[in-house]
Amino acid sequence: MKELDEFQFQPIARLSGGQRQRVHLAILFLQKPRLLLLDESTNALDPDGQLKLWYMMKSCKSRGATVVIATHQLHDAENHFDRIALFSNGKIISLDMPSNLLEKQDATLEKFFGELKSHSSQGQGRGHGRG
């Protein structure tokens, strides 16, 4: 994490959103967790930061850690995850490996999710789908 050396004497409040995100993620990865739960962790990161994050997550995974990430970046899900759970209205509407999800639809994950979401919401009215 040598690229973070330039931030070591700066108050975190003075760092940009992406710089703060890098510092928080560096602290997390230094702990060598066995379980990572990340929510929109690529937000505020530039492309270089995103690539480094994916590398660090793969490194954790190769050590035997479990990595769970919530993301709206479906192209990231296609390229970096072993299994994907698609949620709509708080419920899992599909759970499978990315290749299996896409093979069924011969489409991108964005298109597949859009189709699943429209099918799952038919007949539910305008509520949240919770009962």
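Predicted model: local features only at pLDDT ≥ 70, side-chain atom pairs only at ≥ 80, totals over all residues.
Local features need pLDDT of at least 70, and side-chain atom pairs count only at pLDDT 80 or more, while totals for chains, interfaces and linings use all residues. Residues are numbered from 1 along each chain as its sequence is written, and side-chain values use heavy atoms, with hydrogens and water left out.

**Whole chain**
- The protein chain has five helices and four strands, taken as DSSP runs (helices H or I, at least four residues; strands E, at least two) and numbered from the N terminus.
- Their order from the N terminus is α-β-α-β-α-β-β-α-α.
- Of the 131 residues, 32% are buried (under 20% relative accessible area; exposed is over 50%, partly exposed in between; 1.4 Å probe, protein chains only).
- Among contacts (heavy atoms within 4.5 Å) with a separation of 6 or more, 46% join residues 24 or more positions apart.

**Helix H2**
- H2 holds 16 residues, 47–62.
- At 1.5 Å a residue (times one less than the number of residues), H2 should span 22 Å, and its end C-alpha atoms agree at 23 Å apart.
- Gly-49, Leu-53, Trp-54, Met-57 and Cys-60 are buried in H2.
- They cover an arc of only 140 degrees (from the directions from the helix axis to the C-beta atoms), which puts them on the same side of H2.
- The face turned away from that buried side carries exposed Pro-47, Leu-51, Tyr-55 and Ser-62.
- After H2 comes Gly-64, with a positive phi near 100 degrees.

**Tyr-55**
- Tyr-55 lies in H2 and counts as exposed because its relative accessibility is 60%.
- Tyr-55 and His-80 are 25 residues apart in sequence and 9.7 Å apart in space, C-alpha to C-alpha.
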